[in-house]
Every structure is written in C-alpha cells, then in structure tokens.
Amino acid sequence: MAMYDNDNTVRTSFDLDYISEYLQQAQWAELVELKKLIVELAAEKGRPISILDIGVGNARVPKRLSGIHEIWEMVSCYDGTDNAKACIELAEKEIASLGIGNKTFIHFFEATTLDQ
Ligand SMILES: C[S@@+](CC[C@H](N)C(=O)[O-])C[C@H]1O[C@@H](n2cnc3c(N)ncnc32)[C@H](O)[C@@H]1O
C-alpha cells in the first residue's frame, strides 16, 4: 500500500485545515513558478505544451491551472500519475467535477518504474 492510501494521511495531506501556513505559501509560490514556466515554454515552442505530473495527489495543481483560462489554453494535455489508489480516486472525482477531462488524464502509476 502506498503511503497516501492511508485514509488519515490523505485527509491531513490535502485538507487546508491541516496544512501549515508555511506549506500553503510554498504551494502558492510553486504555482507562481509553474505558471511562469508554462508561459515561457509555450512561447518558446509556439504551441500549447503537455505536462506530466508525477504524484498528482488530489489534482490540486491541474485544478488551480485550469482556473486561469489564459494559462490552461497553453496546456494541450495534462497527465497526472500517482501510486496511491486513494489519490487516483480523489483526482478523478476532481477532474470530473471541474469538467476538464477532455485534456486531463489520471493514471495509476508507480514513478520508480518510470525508466521502464
Ligand atoms: C505531497 S503529495 C503532492 C500532491 C500534489 N502534487 C500537490 O502538489 O498537491 C505527493 C504525491 O505523490 C504521490 N507519490 C509518492 N510517491 C510516489 C511514487 N513512487 N509514484 C507515484 N506517486 C507517488 C503520493 O501518493 C502523493 O499523492
């Protein structure tokens, strides 16, 4: 069983009530950097880019990105992977409720086997 299949770990890892102020700020800072990178790469390639998210969790990142129309337009395909079934279920529900399943795909995948 992957660490994030434990119910309590899943609840406390993704619930803002359990995430420290420091970590929440770090998550926002990470998103700011990610948005910059998407803009730069899409401009460099002259087309929307595809993203591979290893450890997608509850789909927090595609949720935030898809909330910014100009950024989401620069993404052609978002593949989110995770090795915890509980996270896959959460992420799939989130993607369905956001209606972004046309270009967001969730895969059960163990990242340590990526080279295979
Ligand atoms: C700290 S959470 C981050 C989730 C999400 N990326 C976010 O920023 O909100 C780490 C995620 O990576 C997943 N993970 C950890 N080790 C993994 C592995 N070896 N293969 C695939 N996923 C893994 C966990 O199940 C968990 O969902």
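This is a predicted model: local features need pLDDT of at least 70, side-chain atom pairs count only at pLDDT 80 or more; totals for chains, interfaces and linings use all residues.
Strands of a sheet pair through backbone hydrogen bonds, either parallel or antiparallel. In this model, 3 strands form an open sheet in the order β1-β2-β3, and their pairing is parallel. Because β1 and β3 (104–108) stand at the edges, each with a single partner strand, one side of each is left without a neighbour in the sheet. On average, and with direction ignored, neighbouring strands are turned by 15 degrees against each other.

The pairing can be followed strand by strand. Between β1 and β2 there are 6 bridges in the parallel sense. Ser-50, for example, has Cys-77 in β2 as its bridge partner, and Ile-51 has Tyr-78 in β2. On to β3, 5 bridges join this strand to β2, and the two run parallel. Here Tyr-78 stands opposite Thr-104 in β3. The strand β2 is mostly covered, since 6 of its 8 residues are buried.

What is Tyr-78 in contact with, leaving aside its neighbours within four places in sequence? The contacts of Tyr-78 are Ile-51, Asp-53, Val-61, Pro-62, Leu-65, Trp-72, Lys-103, Thr-104 and Phe-105. Among them, Ile-51 is also the bridge partner of Tyr-78, and Thr-104 is the residue opposite Tyr-78 in β3.

The model also contains open space. About 380 Å³ lies in the largest pocket. Its lining consists of 18 residues, of which Gly-55, Val-56, Gly-57, Arg-60 and Val-61 lie nearest the centre. Two or more lining residues come from each of α1 (7–14), α2, β1, α3 and β2. With 4 residues, α2 gives the most to this lining.

Finally, consider Tyr-4 and Cys-87. Tyr-4 is found in the segment before α1, whereas Cys-87 is found in helix α5. These two residues are 83 residues apart in sequence, and their C-alpha atoms are 6.9 Å apart in space. Is each of them buried or exposed? Tyr-4 has a relative accessible area of 32%, and therefore counts as partly exposed. Cys-87 counts as buried because its relative accessibility is 0%, where the limit for a buried residue is under 20%.

The surroundings of the pair can be listed without residues up to four places away in sequence. Tyr-4 is then in contact with Thr-9, Val-10, Ser-13, Phe-14, Ala-84, Ala-86 and Cys-87. Cys-87 touches Tyr-4, Phe-14, Gly-57 and Asp-82.

Methods
Residues are numbered from 1 along each chain as its sequence is written. Side-chain values use heavy atoms; hydrogens and water are left out. Contact means heavy atoms within 4.5 Å. Two strands pair if DSSP finds at least two bridges between them. Axes are lines fitted to C-alpha atoms, for helices over the stretch in contact, and angles run from 0 to 180 degrees between N-to-C directions. On a 1 Å grid over the protein atoms alone, a cavity is a set of points where a 1.4 Å probe fits but cannot get out, and a pocket is an open set with protein on both sides within 12 Å along at least five of seven lines; lining residues have an atom within 4 Å of a point. Grid points are joined across faces, edges and corners, and a volume is the space filled by probe spheres set on the points. Buried means under 20% relative accessible area, exposed over 50%, partly exposed in between (1.4 Å probe, protein chains only).
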